[in-house]
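Open the model in a viewer and keep the selection panel at hand. The stops below say what to select and what is found there.

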Amino acid sequence: MVDLALKGGAVSVSKPSDRVDVLKRLRLNDLVFRILTRSAAIAVLIILGGIIISLVHGAWPALAKFGFGFLVSDTWNPVTEKFGAVAPIYGTLVTSAVAMVIAVPVGLFIAIFLTELCPMWLRRPIGIAIELLAGIPSIIYGMWGFFVLGPFLADTFQPFMIRICEGVPVLSTIFAGPPSYLSLFNASLVLAIMVLPFITAISVDVFKTVPPVLKEAAYGVGCTTWEVVRNVVIPYTRVGVLGGVMLALGRALGETMAVTFIIGNAFRVSGSIFAPGTTISAAIASEFAESDGLHQS
C-alpha cells in the first residue's frame, strides 16, 4: 500500500498507476478551479464594460449636441432642451465630501474604541447597533431627514451657524442663509449616518488582524494606547481602512432616494451648504420617469 498525503487527508493507492490517476484527477480539479475563478473575475470586467457601452450609447445624442459644454453649463431646462451638468456634479461632490469629513473620523474612533478600549461585555451590543444602521432602507433615512432632521437644522442649528459666522471671510459664504429644511448640508448629514456602518465594520475587522505581539511589544516599551493605535494599528491596517473608506465613498456618491427627499432638487450652484441643490442620482430619480428623447439621453 502506498499512502499519498493530501490536504484533506490521505488517499491509499495499491500501485503506481493508481497514484498517477490520483495526481491526474487533482490536476484536473485544480485546472477547473482556476478556470472558474478566472471566469468570475473576467465576468466582472465584461459586465462593467457592457454597462459603460450602454451608457455611452444612450448618452450619445446629448454628447453629440452639447459636447464638453454639458459639463460646464449650469442651465437645465427640459422645455427648451438646454441642459448642463454642473449643478448635479457640484451637489454630488459637496454632499459626498461633507459626509466623508464627518463619517470617516467618527467611524475610525468607534472602531478604535471597540477594539482597544471597550469592555468585552459592551462590544457586541455596540457592534450590532452599528451594523443595524446599514440595514435601514434608504427611503427611511430620507423620511427621517425630511420630518425630523430638516426641521431641527432649519430651526436651531442653521440659524446658530449663520449668526456666529456672519462677517467671517469664507465661512460667511459657506454657512450663508436663509435656513432651509431641504439643503446640501441636510443631505450630507444623512449620508454620513448611512456610510458610517461601512467604515466602522470594515475598520473593526482589519484592526482585529493586527498581531497581538506587535501591540504587546509597543506597550512593553511604554507606549500609550493612542501611540499604539497611531504607530502600530493604523499603519498595519491602512490598506484595509482605505478600502472601507472607498466603499463608503461609493455609497455616498451613488445614494439616491434618501438624498432626493432632503436635498431640494434645485438645479443651481450655491456657495452655501445650507442652500438646496441636487445630485446626479437625485436628478435621475426625480426626472427619469417624465423624460424622453434628448432629456432622457
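Select arginine 34 and aspartate 30: both are in helix 1, four residues apart, which is about one turn of the helix. Helices here are DSSP runs of H or I with at least four residues, and strands are E runs of at least two, numbered from the N terminus. The two side chains form a salt bridge, their closest N and O atoms 3.0 Å apart; the term stands for a side-chain nitrogen of Lys or Arg within 4 Å of a carboxyl oxygen of Asp or Glu. Aspartate 30 is partly exposed, at 38% relative accessibility. Buried is under 20% relative accessible area, exposed is over 50%, and partly exposed lies in between (1.4 Å probe, protein chains only).

This is a predicted model, in which local features need pLDDT of at least 70 and side-chain atom pairs count only at pLDDT 80 or more, while totals for chains, interfaces and linings use all residues. Residues are numbered from 1 along each chain as its sequence is written, and side-chain values use heavy atoms, with hydrogens and water left out.

**Stop two: the other salt bridges**

By the rule above, the count comes to three salt bridges. Select lysine 215 and glutamate 116 for another of them, with closest N and O atoms 3.2 Å apart. Lysine 215 is in helix 7 (residues 212-220) and glutamate 116 in helix 2, so this pair ties together parts 99 residues apart in sequence. Lysine 215 is buried, with a relative accessible area of 16%, and glutamate 116 is buried at 17%.

Next, select glutamate 255 and arginine 251, whose side chains meet in a salt bridge at 3.1 Å, N to O. Which of these counts as buried? Glutamate 255 does, at 7% relative accessibility, whereas arginine 251 is partly exposed at 23%.

**Stop three: the largest pocket**

Now select Phe70, Trp76, Ile284, Gln296 and Ser297, which lie nearest the centre of the largest pocket among its 26 lining residues. Helix 1 (16-66), helix 2 (86-117) and helix 10 (280-287) are the elements that give two or more residues to this lining. Helix 1 gives the most, with seven. By class, the lining has 18 nonpolar, seven polar and one charged residues.

A pocket is an open set of points on a 1 Å grid over the protein atoms alone, where a 1.4 Å probe fits, with protein on both sides within 12 Å along at least five of seven lines; lining residues have an atom within 4 Å of a point.

**Stop four: the second largest pocket**

Select helix 2, helix 3 (120-133) and helix 6 (184-207), each of which supplies at least two lining residues to the second largest pocket. Helix 3 gives the most, with five. The lining includes Arg123, Arg124, Glu131, Asp205 and Lys208. It divides into four nonpolar, three polar and five charged residues. In this classing, Ala, Val, Leu, Ile, Met, Phe, Trp, Tyr, Cys and Pro are nonpolar, Asp, Glu, Lys and Arg charged, and the others, Gly among them, polar.

**Stop five: tryptophan 144**

Finish on helix 4, where tryptophan 144 is found. Tryptophan 144 is partly exposed, with a relative accessible area of 34%.
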